[in-house]
Amino acid sequence: MRGIRSDDRYDSDQDIRDGNHPVLALARLSHELADIPRRRREREYRKVADGLWLPVGTAPDLETLSVAYSRLYPDAVLTGWSAAVLHGIEAPDDAVPELCVGPHGRARRGLRMRRYVVPDRAVTSIRGVRVTALRWTAFDLARFTDHVEGVLAMEKFFHRGVTRAAMHETVAYMSGSWGVSRVRRVLADADPRSESPRETETRLFLRAAGFTGFVPQVDVPELGYRLDLADPVHKIAVEYDGAHHDDPEQQSRDRRRRNRLQAAGWLVVVVDRRLFAHQRAEILQQVEAAYRVRRFAA
């Protein structure tokens, strides 16, 4: 079946070596605790959802909850961020457990349910847990999340080894399915060269404002630098300073770096988390001013 190949599936030999996921044994269904006195059950277990319990002290992280919920739906498939974390891809802090249950399945609080049938070739097993394969997981996240989150997710999958060509093959195969046009837009904006979510968010913000010349991780070989975002044609750089740039020694290195870039003819606009959160209009004004300088100098 073209477009949903099994060659990008999780290594089944690794699954065998690692055995089943420990949460499969920790999570208990109500009938499995029926013989335990109520007081002891409430002391040793906490209720996750109707019919589902975990031992007290078990960390309620996304992976744990997702695998636990799979016990309630043995024929279901973890998808979205739940599948991603089983594949070793970090999920956003606000991600919730997600299961594809097919046309039927009782909804439960705290669980996102998808009601379609995942093709057999798009399902794999990781440590005894049924999950969507890498490519299908990326496809689902791109069509079911908002655009920026979808782009951020797709770039994580690129870093995990999924190729743009493979995703285009899957999109072609899934033509006509719900959300496929959203996946195409995500693929158009996702860039495997991006090295951080903040970098990508800044690039998408600039692109939405009409500044389409910026690309990530541009080398300046004569200085030995790599720029977060740059328009190499006009020699305009946008550098995103994360929290580690607050360190005084790092600030000194940053000043030296930017002085050398300016001496080499680069115009540099610096963005940090506060500016991006509260002063986006000012960022656009500075970028526009840099382009005006270039136009006047031409």
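## Ground rules

The model is predicted, so local features need pLDDT of at least 70 and side-chain atom pairs count only at pLDDT 80 or more, while totals for chains, interfaces and linings use all residues. Residues are numbered from 1 along each chain as its sequence is written, and side-chain values use heavy atoms, with hydrogens and water left out.

Helices (H or I, at least four residues) and strands (E, at least two) are DSSP runs, numbered from the N terminus.

## Two helices packed against α9

Let's start with some helix pairs. Two packed helices are described by the angle between their axes and the distance between the axes. Here, axes are lines fitted to C-alpha atoms, for helices over the stretch in contact, and angles run from 0 to 180 degrees between N-to-C directions. Helix α8 (residues 164-173) meets helix α9 (residues 180-189) at about 165°, and their axes are 10 Å apart. That angle makes α8 roughly antiparallel to α9 (angles under 35 degrees count as roughly parallel, over 145 as roughly antiparallel, 65 to 115 as roughly perpendicular and the rest as oblique). The α8 and α9 crossing is left-handed; that is the word when the near helix is turned anticlockwise from the far one by less than a right angle, and right-handed is the word if clockwise. On the α8 side, R164, M167, H168 and V171 make the contact, and on the α9 side V180, V183, R184 and L187 do. Contact means heavy atoms within 4.5 Å. Sorted by class, the residues where α8 and α9 touch are five nonpolar, one polar and two charged. For these classes, Ala, Val, Leu, Ile, Met, Phe, Trp, Tyr, Cys and Pro count as nonpolar, Asp, Glu, Lys and Arg as charged, and the others, Gly among them, as polar.

Helix α7 also packs on α9, at an angle of about 65° and with the axes 9 Å apart. This crossing of α7 and α9 is right-handed. From α7 come H147, G150, V151, M154, E155 and F158, and from α9 come R185, V186, L187 and D189. The α7 and α9 contact holds five nonpolar, two polar and three charged residues.

## A helix under cover

Helix α6 (residues 134-144) is mostly covered, with 10 of its 11 residues buried. Buried means under 20% relative accessible area, exposed over 50%, and partly exposed in between (1.4 Å probe, protein chains only). Among the buried residues of α6 are W136, F139, D140 and R143. The cover over them includes α5 (80-86), β8 (129-132), α7 (147-159), α8 and α9.

R143 of α6 is buried because its relative accessible area is 6%. Setting aside neighbours within four places in sequence, R143 touches Y116, W136, S177, W178, G179, R182 and V183.

## The nonpolar cores

A nonpolar core is a set of buried Ala, Val, Leu, Ile, Met, Phe, Trp, Tyr and Cys residues joined through side-chain atoms within 4.5 Å. The largest one has 58 residues, and those with the most contacts inside it are L52, Y69, Y73, W81, L99, M154 and F157. A second, separate core has 16 residues, including L206, F214, V287 and A290.

L99 has contacts beyond its neighbours within four places in sequence, among them Y69, S70, Y73, L111 and M113. S70 sits in helix α4 (residues 62-72) and is buried, at 13% relative accessible area. Again leaving out neighbours within four places, S70 is in contact with L24, L99 and V129.

## Single residues to look up

R106 is in the loop between β5 (98-100) and β6 (112-114). R106 counts as partly exposed because its relative accessibility is 49%. Apart from neighbours within four places in sequence, its contacts are D50, Y73 and M113. R257 belongs to helix α11 (residues 248-263) and counts as buried at 16%.

Which value of phi does Q217 have? It is near 55°, a positive value in a residue other than glycine. Q217 lies in strand β9 (residues 215-220) and, at 13% relative accessibility, counts as buried. K235 also has a positive phi, near 55°, but K235 sits in the loop between β10 (225-231) and β11 (236-241) and counts as partly exposed at 25%.
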